[in-house]
Amino acid sequence: MTVARLIQTRSHIIPGKLKVSELIFEVPKDYSNPTSGFLQIFARSVIRHEKPAAVQLDDDLRKSSQKPWFVYLQGGPGCPCVPPQDMSITDIVLNRGYQMLYLDQRGTGLSTPVSAATLALQGDIHRQADYLKLFRADSIVKDCEAIRKTLTESYPEPLKKWSVFGQSFGGFCVLTYLSKFPQGLRECFTSGGLAPVGHNAEQVYQATYQKVVERNKVYYEKYPEDIDTMHSLAFHIKSKGGLTLPSGGVLTVRGLLTLGRSFGVHGGIDRVHELILRMKTDLSQFQFITRPTLSLLERDLSIDDTPLYAVLHEAIYCQGEASNWAAEHVGRSIREFQWLSGSPQSPNAVRNFPLFFAGEMIYPFMFENSKELEKLFDVANILAKYSGWPELYDEWQLARNDVPLYAATFVDDMYVDFELAQSTASLVKSCKQYITNGMYHDAIRSRTDRIMKELFALRDDSID
C-alpha cells in the first residue's frame, strides 16, 4: 500500500485553545496505476493547545503530541469538511484524549477539487468519466490508509491504528474501510451511515421514496395552506417559462420541488415553508419573486459547488451494475411523483393530491437548468450507464469483522433507510447500535452532545 507524501504543513492557534494544522498530502490518482499522476489531499488536524508550566524537551514534546488519531469523514458524496473550530464534535472528541483529523475527501474542498472547469482539463467526456470513477469510497479509504501510514510513521505500535467517524456517506466509507483495510482501524463510529450493503440503487430508492412520501404528508399536515400556495407558485413559474436565478440558472416547477431534500433534517420542513411563504408574499405584493427570495432559494437548491454530489450520487450504490438514473426510474412509478414524467397535475388535481416534493434524489433535469451542471450532463450520463463499478464492500470480511463499530441509527431517516440499515447491521460482526426515533439524519450537527454521549456509552459501558 502506497504511503502519502506530506508536502506542506502550517499550524495556527485558534480561539478555544485549539492548535489547527493545515496539511497537504500527495497521493496517487489511481492506486492501481501509480504512474498515472497524483492528487492533493487537504486535511486539518486539531489538538488541544496547552502552554506547559516549563519548557519541554523535544522528546517530551513529541510524546505529548502523539495522541490517538480520530478521523472525521464528511457526508456527501462531494462535500468538504468545515474548519474544526466550527464543528461541535471537536471539543467533545479532544476532551476524550484524541487528536482529530478533518479530511477533505478527494475532489472536494481543497483536495484537487472537481468542477466543470477542472474536469475539462482531463480531456473529452470519456476521459472525464474515467477520472470521476476514481472518486468513490474505495479510493477515499485508500487515501485515508496512505495518510494514516504517513502520520503515524514514528508512533509507537499501539497508536498506529486510528479511530474513524463517518457521518452519512462518511459512514459508507467506514464500511468500505472495514472491508478493505481493517488492520488500520482501532474503532469506528457512524451517524446515519450504515450503507445499504447488498442493495442496488433501485432498491435503495424504492425504500427512501416511501419515507419522502411520509415527510411530505407531515409537511402538508403542518402547513395545509401550502397545498394551494404550491399550485399558485407552479402556475406562476410555468407561465414565466421558469424564473432566472441570480447565478443565471433557471428555476422550474420541478426544480422547486427538489426543496424537499431538506425534509429529513431538524427544522427542514419549517425552512421549506419559510421559502414558500416568502414566494407567496412576494407574488401578492409585487406579482414577481424578488431577488432576496431567489437568492435564498438558490442557496438551498444549488449543488453547483459540489458537483460530485450530482454526478456520483447514484454511483455510491453501484457494484457491478449501472444505476441508469434509478431515482428517476423509480419515481416515475410512484403516483405522488408523476410530475417526473412531465408537467405537474392540473389545478384541480393539485388541490386533491398536493404536489409532493422530492427528497435526496438526483434527476437528469437538474443538469438542464444549472449553468455549471449543464456542462457535466454528458459525463454524468456516461457514469449512469456504466456497469463496471468495482465492489465497495466485502461481506465475507464484514461478517468476520473484529473492529468495534458503534452506529447511531435513526428510525425516521429520510436519506439512509432504517430497514436497509438494519439489514447491514446484521451483516457486520462487532456492530453495536444506538437506535432512536427522536432525532433525524443530521443529529451529529444539530444534536451533537446527545449523539456523542450515546456513541461513547456504547463503547464504554457494558450490558449484563
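**View 1. Strands E4 and E5 lie side by side in parallel.** Strand E4 (residues 69–73) pairs with E5 in the parallel sense, over five bridges. In this pair, Trp-69 stands opposite Gln-99 in E5. From E4 the chain passes through helix H2 (residues 89–94) to reach E5, and this β-α-β crossover is right-handed. Right-handed here means that, with the strands pointing away from the viewer, the path from the first strand over the helix to the second runs clockwise. Helices (H or I, at least four residues) and strands (E, at least two) are DSSP runs, numbered from the N terminus, and two strands pair if DSSP finds at least two bridges between them.

A word on the model: it is predicted, so local features need pLDDT of at least 70 and side-chain atom pairs count only at pLDDT 80 or more, while totals for chains, interfaces and linings use all residues. Residues are numbered from 1 along each chain as its sequence is written, and side-chain values use heavy atoms, with hydrogens and water left out.

**View 2. Strand E5 is covered on both faces.** Five of the five residues in E5 (residues 99–103) are buried, that is, under 20% relative accessible area, against over 50% for exposed and in between for partly exposed (1.4 Å probe, protein chains only). Gln-99, Leu-101 and Leu-103 are buried on one side, and Met-100 and Tyr-102 on the other. Strand E3 (residues 38–48) runs antiparallel to E5, joined to it by four bridges. Here Val-46 stands opposite Met-100 in E5.

**View 3. Nine strands make up an open, mixed sheet.** The strand order is E1-E2-E3-E5-E4-E6-E7-E10-E11. At the edges are strand E1 (5–14) and strand E11 (431–436), each pairing on one side only. On average, neighbouring strands of this sheet are turned by 20 degrees against each other, direction ignored; the axes are lines fitted to C-alpha atoms, for helices over the stretch in contact, and angles run from 0 to 180 degrees between N-to-C directions. Within the sheet, strand E2 (residues 18–28) and E3 are antiparallel partners over 11 bridges, with Ser-21 opposite Ser-45 in E3.

**View 4. The largest cavity holds about 260 Å³ of space**. A search of the whole structure finds eight cavities of 30 Å³ or more. A cavity is a set of points on a 1 Å grid over the protein atoms alone where a 1.4 Å probe fits but cannot get out, and lining residues have an atom within 4 Å of a point. Grid points are joined across faces, edges and corners, and a volume is the space filled by probe spheres set on the points. Of the 18 residues that line the largest cavity, Leu-301, Ser-302, Met-366, Asn-369 and Ser-370 are the closest to its centre. Strand E9 (250–251), helix H11 (291–301) and helix H15 (365–368) each give two or more residues to this lining. By class, the lining has eight nonpolar, eight polar and two charged residues; Ala, Val, Leu, Ile, Met, Phe, Trp, Tyr, Cys and Pro count as nonpolar, Asp, Glu, Lys and Arg as charged, and the others, Gly among them, as polar.

**View 5. The second largest cavity has a volume of about 90 Å³**. Among its 13 lining residues, Val-311, Glu-314, Ser-323, Ala-380 and Ala-384 lie nearest its centre. Helix H12 (307–311) and helix H16 (377–385) each give two or more residues, and H16 has the largest share, with three.

Key: 1 Å grid on protein atoms, 1.4 Å probe; cavity = no way out; pocket = protein on both sides within 12 Å on 5 of 7 lines; lining within 4 Å.
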